[in-house]
Amino acid sequence: MGLEDSDDEEIERLLREVEEASSDAGRIYEPHAKQKAFHQAPQKIRAVFGGNRSGKTECGTLEARFHSTGDYPAWYPLAQRWSGPTRGRIVVTDYRKGGNEVLEPKIAQWFDPDSITKIERFMGHIVKLHIKHKTGGISTIDVMTHEQDDMAFEGWSGHWVWFDEPPPQNKFIACMRGLVDFSGRAWMTLTPISEPWIYDQIVTNAISEP
């Protein structure tokens with residue numbers, strides 16, 4: 001549907017979204033103490049728990065931006081940076097809400113639009129982002145959902161994975177296998193835990209570590 005098929009209210013809404021995204025894009029990120037602690041944590045698997053507007057999705061989005069563009073803030077640990085383009089995954093609950101309503105506005109807010117060289121869509125939903133890395137190369141980010149078959153998560157090799165909300169265990173395991181080649185990292189941004197295995201196998205282990 002083009003703009004010529006939209007009513008005046010819909011056109012105004014679209015223009016407002018574009019204006020808001022443009023004004024916020026690439027703005028300076030000033031993390032609060034807990035956000036900075038998340039970014040600086042050395043663990044291979046990290047998690048941020050919180051409700052709406054707690055800043056957890058900002059953590060996930062900025063972490064993805066740092067790794068895909070190579071533009072790290074001075075306070076980001078040198079040992080946890082990648083020096084070249086990366087291959088990443090963002091796993092959301094579904095494309096309509098998790099992708100369009102939650103993820104896409106955050107990408108528009110926190111990624112400089114000049115850094116996004118290509119956006120691949122399927123049925124109107126973002127499925128892949130191509131990001132300009134500071135070295136001149138291109139990083140890629142695949143956007144996947146819990147609705148997809150488990151086999152769609154297999155056979156991938158990448159540097160990082162971001163799970164926005166608790167993933168099903170089989171999809172998590174497949175993604176973690178894909179991180180082996182690059183000794184990659186994973187992070188989760190969660191509201192209430194809906195997958196009990198996450199607490200049993202990840203949170204409990206982290207609490208018991210010396």
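**From one residue to the whole fold**

Glu154 has a relative accessible area of 31%, so it counts as partly exposed. In this predicted model, Glu154 forms a salt bridge with Arg177, and the closest N and O atoms of the two residues are 2.5 Å apart. Because Arg177 belongs to helix 5 while Glu154 sits in the loop between strand 5 and strand 6, the pair ties together parts that are 23 residues apart in sequence. Arg177 is likewise partly exposed, with a relative accessible area of 48%.

The elements just named belong to a wider arrangement. The model has an open sheet of seven strands in the order 1-7-6-2-5-4-3, and their pairing is mixed. Strand 1 (45–49) and strand 3 (116–122) stand at the edges, where each has a single partner strand, so one side of each is left without a neighbour in the sheet. From one strand to the next, the twist averages 15°. As a general point, strands of a sheet pair through backbone hydrogen bonds, and they may do so in a parallel or an antiparallel way.

Let us follow one part of the sheet from strand to strand. Strand 3 pairs with strand 4 (residues 125–132) in the antiparallel sense over six bridges, and within this pairing Ile119 has Leu129 of strand 4 as its bridge partner. The hairpin made by strand 3 and strand 4 has two residues between the strands, and Met123 takes a positive phi near 55° there. Strand 4 also pairs in the antiparallel sense with strand 5, over five bridges, and here the bridge partner of Lys132 is Ile138 in strand 5. In this second hairpin, which has five residues between the strands, Gly136 takes a positive phi near 105°. Strand 4 is mostly covered, since six of its eight residues are buried.

Helices lie against these strands. Helix 4 (residues 95–110) lies across strand 2 (87–92), strand 3, strand 4, strand 5 (138–145) and strand 6 (160–164), and it runs at about 25° to strand 4. Helix 5 (residues 169–178) packs on the sheet as well, touching strand 1, strand 2, strand 5, strand 6 and strand 7 (185–190), and its direction makes about 160° with that of strand 6.

How many salt bridges does a search of the whole structure find? It finds eight, and one of them joins the side chains of Glu104 and Arg121 at 2.6 Å from N to O. Glu104 lies in helix 4 and Arg121 in strand 3, so this pair ties together parts that are 17 residues apart in sequence. Glu104 counts as partly exposed at 23% relative accessibility, and Arg121 counts as partly exposed at 43%. Arg96 counts as exposed at 52% relative accessibility, whereas Glu101 is partly exposed, with a relative accessible area of 44%.

Finally, some care is needed in reading the model. The mean pLDDT of the protein chain is 84, and 76% of its residues reach 70 or more. Over residues 1–6, however, pLDDT stays under 50, and the model has four contacts beyond four places in sequence for this stretch. Over residues 206–210 the pLDDT is below 50 too, with one contact in the model beyond near neighbours in sequence. Where pLDDT is low, the predicted coordinates should not be read in detail.

Conventions. Residues numbered from 1 in each chain as written. Predicted model: local features only at pLDDT ≥ 70, side-chain atom pairs only at ≥ 80, totals over all residues. Heavy atoms only, no water. Pairing = 2+ DSSP bridges. Helix = DSSP H or I, 4+ residues; strand = E, 2+ residues; numbered from the N terminus. Axes fitted to C-alpha atoms, helices over the stretch in contact; angles between N-to-C directions. Contact = heavy atoms within 4.5 Å. pLDDT = per-residue confidence, 0-100. Salt bridge = Lys/Arg side-chain N within 4 Å of Asp/Glu carboxyl O. Buried < 20%, exposed > 50% of the residue type's maximum accessible area, 1.4 Å probe, protein only.
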